Amino acid sequence: MIEFGSKKTVLDHSIQWWNPGKTSQWQKDGIDLVMGKREGYYFYDMEGKRLMDVHLNGGTYNLGHRNPEIIATLKEALDEFDIGNHHFPAMTRARLSEKLSQSTPDSLHYSILSAGGSEAIDVALKCARYATKRKKIVSIINGYHGHTGLAVSLGNERYSRLFLSEGDPSEFIHVPFNDLDEMEQALRNEDVACVIIETIPATYGFPMPERGYLSAVKRLCERFGTLYIADEVQTGLMRTGKLWGIEHYGVEPDILVTSKGFSGGIYPIAATVVSKQAGNWMNEDGFAHISTFGGSELGCVVAIKVLEISQRKEVQQNVDFVARYLRTGLETIKKQHPDFFVGIRQLGVVMGLEFNHPQGAIYVMQELYKNGVWAIYSMLDNRVLQFKPGLLCDKEYCDELLSKCEASIKQAAKSVFSYS
């Protein structure tokens, strides 16, 4: 076992050699955390403080930290496989790609495998540009799709301006969420390669698509020759009660992206699943896109197991139970603080808790942390707390979570109103 020294040493070294701004900001926010042991839906601070995890690193830990089935699968795979060689066909990549074709909407066929979500988004955009021979890309104002070359230009300028990577405004077009008139205006010249939308925009605070919105966007795409990309990095893999969140809205995308939970929290992997049209470049020049670690064979084995677990009937039933049980409990808490806790945005276990203060979710996060719960505020809407329980939580866990939420929201409300 590597010796890491004291928590103070880790924090000091993080400021000195890792990321000074991020490390210092969490200290200012009262989150004095260095992760230590982790198991299931709990993890422990390096000094032993236990926390319930309802952030899950954006859904990375859908199936819990260090899920025993996934660990066993990886250990078994290590007897035979390593990362592999991205140039050649592989048993594991072929099998995973087949499984993805079988478990995604009928419009999708090929899988292009990556090491992470941002890379997979970049691949999706490249495929759309190839298929349409157009460059323009439409995304949602305050959407979020990662931090790599093309992906970072899709989101809020907070993440792109610092690196001079906002993208040419004539090519990267941002429109309001749930606004069909603006979407049609952006597409009507028939020069847009793709529209990319997180099925429920996470970093924006999980605003819900209005009735008929996503299906209407897809119809506009079809009308104007534009491809529809469903970013399912946070809403995929049964988090919404269906394997893919987009299934709730009757949309068959041209491209679908999955990552985070696809890794099982154990081995990084992502996938861009594309239509035959969007993936036809592989028939022209299969070497046109290369990723050394994309589709690591060990990652493929893990992802196959993740897909299998996520599609089990009992897992889907448990997601439905957890979603309903927590919603009932949270509604009760909401009634106790109607002036502060004003909304619950939810589809399955994708949840955003809305508070009536510009930084309300930061206050709630701080109180939850004190009481042993880790959830995080939405970076682009500090009124909303990202609240993302796992797929396999049981009633006992939910009861403990609700009890701690009740105490934390009560204390946060008291703090907010005492300062106002």
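Buried means under 20% relative accessible area, exposed means over 50%, and partly exposed lies in between, taken with a 1.4 Å probe on protein chains only. The model is predicted, so local features need pLDDT of at least 70 and side-chain atom pairs count only at pLDDT 80 or more, while totals for chains, interfaces and linings use all residues. Residues are numbered from 1 along each chain as its sequence is written, and side-chain values use heavy atoms, with hydrogens and water left out.

Q: What makes lysine 370 and glutamate 367 a salt bridge?
A: The term requires a side-chain nitrogen of Lys or Arg within 4 Å of a carboxyl oxygen of Asp or Glu. Here the N to O distance is 3.2 Å, so the pair qualifies.

Q: How are lysine 370 and glutamate 367 placed in helix 12?
A: Helices are DSSP runs of H or I with at least four residues, strands are runs of E with at least two, and both are numbered from the N terminus. The two residues are 3 apart in helix 12 (residues 360–370), which means a separation of about one helical turn. Lysine 370 has a relative accessible area of 55% and is therefore exposed.

Q: Why is arginine 312 said to form a salt bridge with glutamate 308?
A: The closest N and O atoms are 2.8 Å apart, so the pair falls within the limit. Arginine 312 is partly exposed at 21%, and so is glutamate 308 at 35%.

Q: How many salt bridges does this rule give?
A: The count is 26. Lys7, Asp32, Asp45 and Glu47 are linked in a network of them.

Q: With which residues is phenylalanine 387 in contact?
A: Contact means heavy atoms within 4.5 Å. Leaving aside neighbours within four places in sequence, the partners of phenylalanine 387 include Val54, Leu326, Leu401 and Cys405.
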